[in-house]
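Here is a short briefing to read alongside the model. Let's start with a sheet, then turn to a helix pair and the chain as a whole.

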Amino acid sequence: MRKAPSSAGPNMVSGTNLEHARSHNRRAVLETVRLNGQLTRADLARLTALTPQTVSNIAAELLDAGVLLAGEPLREGGRGQPAIPLSLNPDGAYAVGMQLDHQMLVALALDLSGQARFRLELAVDRPTPDQALPLIAGLLQRLRQESGLDWGRLLGLGLVMPGPFGVEGMTSVGPTTLPGWEGVDSASLTRALGLPVLLEKDATAAAIGERLYGTASTLRNFVYLFVGAGLGAGLFLDGRLYTGGRRNAGEVGHMMVVPDGRPCDCGNRGCLERYVSLQALYEALGIAGGPLATPEHLAGRGIDAAARAGWMPQRGR
């Protein structure tokens, strides 16, 4: 029987007592500990709506794996064994996150608490897969050698890049996308790099990060607008990430907002990212297609110059 949950709150993650959902339950326990810092098994049973026996079994597995740490017993009086608080072991596992965009490849090694433990970056110029994969593999090797982390506890790599994915006439088309990535997916990257890889849109990944660690951690519904070379968004609806059937939900950049407006490489006119994006800003400043646009370069040109050049849409344009 599933226990009746207590009142809902931002620090609760419900589990299920169905045996086939065991992996979900482990994630629910871990996330609840992460959100609350330190919890006893009784606290976990209450907050996840799982039975005490289910929580006890999962906690034992996670303690044996070194993912959770057991604290000093709580001496609060009363009968029975003292409760033992459980906390997340930051060094229980690691992951690598990489962001690939038009100008930079950034790699972070993160611990289980989400803290960045090591960072590397490389300048790039709209790389194709053949150009990017050796660079990604090289950064992974450097992280392994220089970070000092136990690479045997590496869970995998999360790679984010501009979308949309798998959309004919939009994927890898135009200056706001990366060329040649149409047929690349998580499975092909996993085979090429020899470790589990999750490929995701940059806007979606940013929304996930905001939900886990940012100001949206207490929100169940929000939209995260991501302004990069193009314009995208990540969506959380009713506390869950919404990606759509083809993982492209939130691709607002190609909404037509100006009738008969500026031509877009997707074939339409007046798309939103033709007015609100870094590419539109670079065009307005006259530096599109030139050297890397650093913050100092942009400051030197002046954002007000971009406004005068028509970067933001105006009525009738």
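In this predicted model, three strands make up an open sheet, arranged in the order β1-β3-β2 with antiparallel pairing. The edge positions belong to β1 (38-39) and β2 (68-70); each has a single partner strand, so one side of each is left without a neighbour in the sheet.

**The sheet, up close**
- Strand β3 covers residues 86-88 and runs antiparallel to β1, with two bridges joining them.
- As a reminder, strands of a sheet pair through backbone hydrogen bonds, either parallel or antiparallel.

**Helices α1 and α2**
- Helix α1 spans residues 22-36 and helix α2 spans residues 41-48; their axes come within 10 Å and cross at roughly 110°.
- Angles from 65 to 115 degrees count as roughly perpendicular, so α1 is roughly perpendicular to α2.
- On the α1 side, the contact is made by A28, V29, T32, V33 and N36, while α2 brings L44, L47 and T48.
- Sorted by class, this contact of α1 with α2 holds five nonpolar and three polar residues, and no charged ones.

**The protein as a whole**
- Its secondary structure amounts to nine helices and 11 strands.
- The protein has 317 residues, and 40% of them count as buried.
- Taking contacts between residues at least 6 apart in sequence, 50% join residues at least 24 apart.

Terms used: Residues are numbered from 1 along each chain as its sequence is written. This is a predicted model: local features need pLDDT of at least 70, side-chain atom pairs count only at pLDDT 80 or more; totals for chains, interfaces and linings use all residues. Side-chain values use heavy atoms; hydrogens and water are left out. Two strands pair if DSSP finds at least two bridges between them. Helices (H or I, at least four residues) and strands (E, at least two) are DSSP runs, numbered from the N terminus. Buried means under 20% relative accessible area, exposed over 50%, partly exposed in between (1.4 Å probe, protein chains only). Contact means heavy atoms within 4.5 Å. Axes are lines fitted to C-alpha atoms, for helices over the stretch in contact, and angles run from 0 to 180 degrees between N-to-C directions. Angles under 35 degrees count as roughly parallel, over 145 as roughly antiparallel, 65 to 115 as roughly perpendicular and the rest as oblique. Ala, Val, Leu, Ile, Met, Phe, Trp, Tyr, Cys and Pro count as nonpolar, Asp, Glu, Lys and Arg as charged, and the others, Gly among them, as polar.
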